[in-house]
Amino acid sequence: MPRLRFTISCFFLLLVFSDLAAQNLSGVVNRYYKVIGINAATHVVKVDNASYLASKQRGLLIQMKGADINQTSPTNNVNWGNITSINNAGKFELVTVCGLNADSVIFEREIKNTYDVNGYVQLVIFPDLVTSATVVDSVFAAPWDSTAGKGGVVFINVDDTVYLNDDIV
């Protein structure tokens, strides 16, 4: 009987550690929070709704809009629609949540970039996978919602290997 217990225990441990070694991904893997205020000096952003945020979660702080474009009349103007200044559009950095205070998110480190919340800044919480991940069905972003000011980004962090059995779109 002890040998059977040992065999069952080993089998159980193999199952547990195989789950830790790889994670299957599909659908929307990120959570999105619209940033409505930033205090870079105190490492704090204020979000629209802090539900489901917790200490030690990793995220991407990113500004989605804000570039200036040439909007002069398109008639005979070859520069119409060209970017004249990128401003803060596209700026991003990785952050780690240190704590929460109501709708304020405190990061472990200082915010490096300058952001303009009028340019649709969002906090994208991502799965931080320490070993490998397998995309078993399409992984995609929540649709961009310009009214809510969030979505449209897929971000994962894998230290080792990503197996693509389907698309990341």
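Me: How many aromatic pairs does a search of the whole structure find?
Reply: Two. Bear in mind that this is a predicted model.

Me: Why is the pair of tyrosine 120 and tryptophan 144 called edge-to-face?
Reply: Their planes are 80 degrees apart, and anything over 60 counts as edge-to-face. They count as a pair because the centres are 5.6 Å apart, which is within the 6.5 Å limit.

Me: What makes this pair tie together separate parts of the sequence?
Reply: Tyrosine 120 sits in the loop between strands S8 and S9, while tryptophan 144 is in the loop between S11 and S12, so the linked parts are 24 residues apart in sequence.

Me: How do you know whether alanine 41 is buried or exposed?
Reply: Exposed starts over 50%, and alanine 41 has 69% relative accessibility, so it counts as exposed. You'll find alanine 41 in the loop between S2 and S3.

Me: Which residues have the most contacts inside the largest nonpolar core?
Reply: Val45, Val47, Leu53, Leu61, Val105, Phe107 and Leu123, out of 16 residues in that core. S2, S3, S7, S8 and S9 each give two or more residues to this core, with S9 giving the most, three.

Me: What is leucine 123 in contact with, leaving aside neighbours within four places in sequence?
Reply: Its partners include Leu53, Val105 and Phe107, as well as Arg31 and Gly59.

Technical notes: Residues are numbered from 1 along each chain as its sequence is written. This is a predicted model: local features need pLDDT of at least 70, side-chain atom pairs count only at pLDDT 80 or more; totals for chains, interfaces and linings use all residues. Side-chain values use heavy atoms; hydrogens and water are left out. Rings of Phe, Tyr and Trp (its six-membered ring) pair if their centres lie within 6.5 Å; planes under 30 degrees apart count as stacked, over 60 as edge-to-face and the rest as tilted. Helices (H or I, at least four residues) and strands (E, at least two) are DSSP runs, numbered from the N terminus. Buried means under 20% relative accessible area, exposed over 50%, partly exposed in between (1.4 Å probe, protein chains only). A nonpolar core is a set of buried Ala, Val, Leu, Ile, Met, Phe, Trp, Tyr and Cys residues joined through side-chain atoms within 4.5 Å. Contact means heavy atoms within 4.5 Å.
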